[in-house]
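Have the structure open while you read.

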Amino acid sequence: MNTLNEQQLNELQKDLDTIRDEVLADLGERDANHIRSMVRLHRKLEIGGRVLMPFGFIPPVFLAATASLGLAKILENMEIGHNVMHGQYDWMNDPSLNSQTYEWDTACSSESWRRTHNFEHHTYTNVIGKDRDYGYAVLRLSNDEPWRPRHTFQILNYAALSILFQWGVALHELEAEKLSHGKSHLKEKRPFLKLAAKKAGRQAFKDYVFFPVLTLPVAPIVLAGNAVANLIRNLWSSTVIFCGHFTQDAETFTEEQAEGESKGHWYLRQLTGSSNFTGGKWLHIMSGHLSFQIEHHVFPDLPAHRYPEISEKVQKVCQKHGIHYNTGSFGKQYGTVLKRILRHSLPERITRRPAVA
Amino acid sequence: MLAKITQSKTLHWLGRQLSNSEDPRAFFDPLTAAMNPMWVQQYTPARVERITAETADTKTFELRPANRWGGFKAGQHLNIRIDIQGVRRTRTFSLSSSPALWESRGLITLTIKRLPGGLVTNWLHDDLKAGDVIGLTEAFGDFLIPVEKKPVLFIAGGSGITPILSQLETMALGNYPEPVTLLYYVRTPNDVIGKEKLAALAARHPDFSLDVITTHESSTPRYLNDHDLDSIPNLAAREIYLCGPKGLMDLATEKLRQRDIKAEQLHSTFFAPPAPAQISSSDIGGQVTFSASNLSVDSIGDANLLEMAEAAGLTPQHGCRMGICHQCTCTKTSGTVVNRLTGQVSGPGSESVQLCISIPQGPVALDI
Ligand code: FES
């Protein structure tokens, strides 16, 4: 972690607060129009996908229907659900875009997500042992965690996690790793399990029971199409999220480092623990602007479509304070994520470069 | 009937499963709103038919609500719902037309005075145009004309006349058999709202007497006095209705109490524009009511709402306690709060606030 002294940290805080205040002062119709147009697009994509799916026995229609439904789910989860639940649009005072009541189209209930993601992950970003998003408790992604033989084939765990991503996120709060170590008991998790079962049941009912049954003669096609749409969304969101914190240069922190930190220090940790990727407008929208993960972590409650326009200011602040702004093309960033997963599959004594004699 | 209820319950359940929303109608609303705002289901849309000036600072807005709107009784109000610069605002206004107009022609009117510095009233006056669509709630309120026919006295001040216009017209249409008197206090003759309507009612109905009293025509204001009340025949037998600025309401209530008017005879509806908010540490603090938990506490110093709720033994959802995670967001139903981070003062109506960074400014009610 970069070392800035207290005065520098205060200055960093001031610089970033200035950017934040400028955006806050300017919030208005433009932001409302953006999120409402995203919601309209989502409705069109979802309705389009649902209507076309029963005609999926014609192969090109099957492609169009699954693509439409898959894109709908991606858009809803990333640009709408994730951002609304961060409170980015609470100021609009619109009950359908309120962070506390919004329920998104994925297996994880909003209530559980607000605890594990909004609070845990955003408060303890990349603090090993406290941020359970770091490796999702199934991957070893830094030297801070001791190597165990089970890590050897973790690339397979990663593949499984990506494919089943929505279910992984849904069960995140269960803290299965603590259960298996006897550090917590299933009994304490009962309220969570009830909530999770209800939400997961609703999602499964919709995609795997209701719509297939409704279109009975072609039920298998609808069932398959819905499953593929969910898969597309799972793979994409997992990939985007892994690019946010697990790239080569994204830093990790110890609990001591994060203890009793000042706001400026917290900002510094968000800046250095996150990573961006570059791309066009629609790549950003489809990733819920998590392609601007750095800006998102510094300002989680500013409307995400503002991140591209404030990114330059954030970069200038980073330059001024000598902080590495971690960005690169989508391909390059994802490459370093895979490398990180592979490298930490093996103990350091193997992966460390031999010392030059 | 039962079949209908079970059916709609089942439909609601199904809608929730499919759209993940407590209000499944919200799923299609974004699309239908773009096609035709009158098709929105989450609230009652109403089209502005006509806007007419009553006085220099008061306009009457004639609205045509969607058919499913439930109607109202004379003297009731409703909330309107509009978006100003991306922010949804709700405000309460009295209906100034008679229910008969709604029943016969599907129209209602709201008569609204421009408040100095008022965000919503000024927007309504300056930006709302005929043909626009705004949102409405169902009507509410119990400022209602007597079911049992009795002599009536109305005391109105300024734009407090609006619900009374609806009541007078309704009584006239029903040929109200008892004497009705209106004491109407306005600053100058130019401030009379519903001038023609009132004059016509007075001309047509000998049982209706109208007394317009101007308060600011001479150098010393002329407020309600004992003489005004002495001139009302049979005052003790009347049902009395008060609506106007707080000063007038307090004065009238006090004078009527002195004359042994029973509380049951007195009907009033609160009507006072909120004082313009100022940011200063001296006017911070006030009683906070947690309505869902039936608790009320007084704030100490610049304590935020989250601290106050916790001190009161409540456990509202929260996380970072520094304004980042929005876990503590909840609905403020009335009162104003100051945002500790921005120094910004909220509006007086219903809106979401973050408990951990909101400081009460005067009495505040929260939906927790
Ligand atoms: S507790 Fe986090 S925003 Fe209030």
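1. Searching the whole structure turns up 37 salt bridges over all chains.

2. Some ground rules. This is a predicted model, where local features need pLDDT of at least 70 and side-chain atom pairs count only at pLDDT 80 or more, while totals for chains, interfaces and linings use all residues. Residues are numbered from 1 along each chain as its sequence is written, chains are lettered from A in the order in which they are written, and side-chain values use heavy atoms, with hydrogens and water left out.

3. Have a look at Arg30(A), which makes a salt bridge with Glu309(A), their closest N and O atoms being 3.1 Å apart. The pair links distant parts of the chain, 279 residues apart: Arg30(A) sits in helix H2 (residues 29-52) and Glu309(A) in helix H14 (residues 307-321), both of chain A. (Helices, H or I of at least four residues, and strands, E of at least two, are DSSP runs numbered from the N terminus.) Arg30(A) is partly exposed at 42% relative accessible area, and so is Glu309(A) at 40%; partly exposed lies between buried (under 20%) and exposed (over 50%), using a 1.4 Å probe and protein chains only.

4. Which pair joins two chains? Arg36(A) in helix H2 of chain A and Asp83(B) in strand S3 (residues 77-84) of chain B do, meeting in a salt bridge at 3.7 Å, N to O. Arg36(A) is partly exposed at 22%, as is Asp83(B) at 31%.

5. For a local example, Asp250(B) pairs with Lys246(B) in a salt bridge, closest N and O atoms 3.1 Å apart. Both lie in helix H8 (residues 246-258) of chain B, four residues apart, about one turn of the helix.

6. Now the inside. A cavity is a set of points on a 1 Å grid over the protein atoms alone where a 1.4 Å probe fits but cannot get out, and lining residues have an atom within 4 Å of a point. Of its 26 lining residues, the closest to the centre are Trp104(A), Trp113(A), Phe165(A), Val169(A) and Ile241(A).

Key
A salt bridge is a side-chain nitrogen of Lys or Arg within 4 Å of a carboxyl oxygen of Asp or Glu. On a 1 Å grid over the protein atoms alone, a cavity is a set of points where a 1.4 Å probe fits but cannot get out, and a pocket is an open set with protein on both sides within 12 Å along at least five of seven lines; lining residues have an atom within 4 Å of a point.
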